[in-house]
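User: I'd like to go through a structure with you, starting with charged side chains and moving on from there. Can you take my questions as they come?

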Amino acid sequence: EIIQQRSQGGHFEQRCHPHTSNPLLPAAVTGTQVQGQVGGSVLLVAECAPGFQVREAIWRSLWPSEELLATFFRGSLETLYHSRFLGRAQLHSNLSLELQPLEFGDSGNFSVLLVDTGGRAQTQILQLKVYDAVPRPVVQVFIAVPGDDQPPNTCQVFLSCSAPNISDITYSWRQEGTIDFSIESQGLFADGQVLRVSLGPGDKRVAYSCIVSNPVSWESATVTPWESCHQEAGRASYKDVLLVVVPVSLLLLLAGLLSAWYWGPCSGKKKNVCADRVAPETENPLV
């Protein structure tokens, strides 16, 4: 229902969404944050003081370039402006602007200029942040190499959680089947992506879930790590992964630096010098 009436001067008036927390709004309201999800919709609410009879309203996108999105003028709501939101913007009767379907590049600042029948102007700036939907995470189980101080019949496990191709997410863990879902922070590493737990024979059916979330969505994955403690074939440990990946990376980097230093001068007039270098190595090959 459109709340609209004609004033004594013959102007059409529109009532925007009343701002109840502060009846005396300043001339410019900034910092309002709105969150949305890719593919979904978001409502940018135009707020004004009670009794503020809107005669004109102008919605703009301020980033990456300023674009006109929607207007209310002389009783008419208009959204057919050539912008990246053409066909995706709807101006409601309370002058709030709805955008759908949202795209990741829609994040940015938006402004609405409201003018009342007395000529007073009020600008409101809203910050829109669009997030991708969180995908289902992948949990990998690594078995720690037993140490001398490890109790018998126990298994030290590292659970590594990752969500591919996404940023701005938070990792958390919970133990299934317990009232207290909290996990002690001493067992968390890499900003919560890795969880270390100690398992015994009584933990054969204990399951752990990794929850990945952002402000608009969440997903989880659950594993039973005890099943990996006694897998002989293809067994890999977290320490083994570190002991292999890190040294190999360092060796490749060192080899690249040595190659660049050794072969760098071997060009143009220095070919004879390089040939002299290669000859002794040919006679004494490395084994």
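This is a predicted model: local features need pLDDT of at least 70, side-chain atom pairs count only at pLDDT 80 or more; totals for chains, interfaces and linings use all residues.

User: Which residue does Glu 66 form a salt bridge with?

Analyst: The partner of Glu 66 is Arg 60, and the closest N and O atoms of the two are 3.2 Å apart. Arg 60 has a relative accessibility of 27%, so this residue counts as partly exposed.

User: How many salt bridges does the count come to?

Analyst: The count comes to 9 salt bridges.

User: Is Asp 106 buried or exposed?

Analyst: Asp 106 counts as buried, because its relative accessibility is 1% and the limit for buried is under 20%. Arg 84, in turn, counts as partly exposed at 28%.

User: What else does the side chain of Arg 84 make a polar contact with?

Analyst: There is a polar contact between the side chains of Arg 84 and Ser 61, at 3.2 Å. Ser 61 belongs to strand β7 (residues 53-61), and it is buried, with a relative accessible area of 0%. The side chain of Ser 61 also reaches a backbone oxygen, that of Trp 63, at 3.3 Å.

User: Back to salt bridges for a moment: which side chain does Lys 129 meet?

Analyst: Lys 129 and Asp 168 meet through their side chains in a salt bridge, at 3.8 Å from N to O.

User: Where does Lys 129 lie relative to Tyr 131?

Analyst: Lys 129 lies over the face of Tyr 131, at 5.5 Å from the ring centre.

User: Since we've come to rings, how many aromatic pairs does the structure hold?

Analyst: The structure holds 2 aromatic pairs. One of them is Phe 85 with Phe 110, an edge-to-face pair with 5.6 Å centre to centre and 65° between the planes. Phe 85 lies in the loop between β9 and β10 and Phe 110 in strand β12, so their pairing ties together parts that are 25 residues apart in sequence. Phe 85 counts as buried at 1% relative accessibility, and Phe 110 is buried too, with a relative accessible area of 0%.

User: OK, and how are the rings of Phe 158 and Phe 189 arranged?

Analyst: Their centres are 6.4 Å apart and their planes stand at 50°, so the pair of Phe 158 and Phe 189 is tilted. Phe 158 is in strand β15 and Phe 189 in strand β17 (residues 188-189), so the pair ties together parts that are 31 residues apart in sequence. Phe 158 is buried, with a relative accessible area of 11%, whereas Phe 189 counts as partly exposed at 33%.

User: New topic: in what order do the strands of the open sheet come?

Analyst: The open sheet is formed by 3 strands in the order β5-β11-β10, with antiparallel pairing. The edges are taken by β5 (42-44) and β10 (89-91), each of which has a single partner strand, so one side of each is left without a neighbour in the sheet. From one strand to the next, the twist averages 25°.

User: How many bridges join β10 and β11?

Analyst: β10 and strand β11 (residues 97-99) pair in the antiparallel sense over 3 bridges. Across this pairing, Gln 90 stands opposite Glu 98 in β11.

Terms used. Residues are numbered from 1 along each chain as its sequence is written. Side-chain values use heavy atoms; hydrogens and water are left out. Two strands pair if DSSP finds at least two bridges between them. Helices (H or I, at least four residues) and strands (E, at least two) are DSSP runs, numbered from the N terminus. Axes are lines fitted to C-alpha atoms, for helices over the stretch in contact, and angles run from 0 to 180 degrees between N-to-C directions. A salt bridge is a side-chain nitrogen of Lys or Arg within 4 Å of a carboxyl oxygen of Asp or Glu. Buried means under 20% relative accessible area, exposed over 50%, partly exposed in between (1.4 Å probe, protein chains only). Rings of Phe, Tyr and Trp (its six-membered ring) pair if their centres lie within 6.5 Å; planes under 30 degrees apart count as stacked, over 60 as edge-to-face and the rest as tilted. A charge sits over a ring if NZ of Lys or CZ of Arg is within 6 Å of the ring centre and within 35 degrees of the ring normal. A polar contact is a pair of N or O atoms within 3.5 Å; within protein, one must be able to donate a hydrogen and the other to accept it, and residues adjacent in sequence count only if both atoms are side-chain atoms.
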